[in-house]
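Please read the following report alongside the sequence and the coordinates, beginning with the ligand site and then turning to the chain as a whole.

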Amino acid sequence: MKIVIPGGAGQIGHLLARHFHSRGHNVILLSRNPQPAPWRVVPWDGITAGPWIAELEQSDVCINLAGRSVNCRYTPANRRAIFDSRILSTKILGEAIASLQHPPAVWLNASTATIYRHSLDRPMDEATGEFGGNEPGAPDTWNFSIEVAKAWESAFFSSSLLLFRTLARSPCAAP
Ligand SMILES: NC(=O)c1ccc[n+]([C@@H]2O[C@H](COP(=O)([O-])OP(=O)(O)OC[C@H]3O[C@@H](n4cnc5c(N)ncnc54)[C@H](OP(=O)(O)O)[C@@H]3O)[C@@H](O)[C@H]2O)c1
């Protein structure tokens, strides 16, 4: 398979790249600062369109992991970078994939469990989890993380690509 991993030079991406590459898959990372690696690493900025878009043509999977590390002080500048690096990279990927002749069959986008409310009463999961943001007395940093997560997923799910593909695969779906 041809597997494109934007933001793949980090912790999770490196593990995935090593795994897929060892099994003979064609792995391509997108990085703002390409470094030599056993797989291809192609430059992008996570914000604007560029030659990197061609790497997604006829790919099988895109796994977007781009995002400024949250392991930092939540200064205004870092908050901006945490937010923008996730939302802008997801938006430009959506536009890029929508422009392809042969887009990847699967697009996975990183998200975060901090989208859920802080719960000690029951587990939170994709099926029954409750979004956070309204807990009384919650620290500002919690609410910031929840807002990032919501905006990140909104950027992903608002891609027209998903609508087109859903409709294309479900002839009975309402227009
Ligand atoms: N690790 C976890 O336990 C965990 C848990 C929940 C969610 N996540 C999410 O999963 C994703 C991957 O996690 P990770 O642990 O592999 O993170 P990571 O090691 O920090 O790697 C993230 C990659 O994002 C890219 N990046 C950083 N700032 C950017 C910016 N301003 N614009 C575009 N790209 C930028 C960097 O690639 P370049 O410098 O090469 O461009 C970096 O290698 C992240 O989005 C993270 O929030 C991770």
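Where does the ligand sit?

## Ligand site

In this predicted model, the ligand sits in the largest pocket. The shell around the ligand is made up of 16 residues, and the closest of these are Gln11, Ile12, Ser31, Arg32 and Arg86. Sorted by class, this shell has six nonpolar, seven polar and three charged residues. Two helices, α1 (11–22) and α2 (76–98), each supply at least two residues of the shell.

## Polar contacts and cover

Of the 880 Å² of accessible area that the ligand has on its own, the protein covers 70%.

## Chain architecture

The chain that forms this site has four helices and five strands, and its elements follow the order β-α-β-β-β-α-β-α-α from the N terminus on. With a radius of gyration of 17 Å, close to the 16 Å that the globule rule gives for 175 residues, the chain is therefore as compact as a globular protein of that length. The C-alpha trace of the chain spans about 50 × 45 × 30 Å along its principal axes.

Key. Residues are numbered from 1 along each chain as its sequence is written. This is a predicted model: local features need pLDDT of at least 70, side-chain atom pairs count only at pLDDT 80 or more; totals for chains, interfaces and linings use all residues. Side-chain values use heavy atoms; hydrogens and water are left out. A residue is near a molecule or strand if one of its heavy atoms lies within 4 Å of it. Accessible areas come from the Shrake-Rupley method with a 1.4 Å probe; for residues, only the protein chains shown count as cover. On a 1 Å grid over the protein atoms alone, a cavity is a set of points where a 1.4 Å probe fits but cannot get out, and a pocket is an open set with protein on both sides within 12 Å along at least five of seven lines; lining residues have an atom within 4 Å of a point. A molecule sits in a cavity or pocket if more than half of its atoms lie within 2 Å of its grid points. Ala, Val, Leu, Ile, Met, Phe, Trp, Tyr, Cys and Pro count as nonpolar, Asp, Glu, Lys and Arg as charged, and the others, Gly among them, as polar. The radius of gyration is taken over C-alpha atoms; the globule rule is 2.2 Å times the number of residues to the power 0.38.
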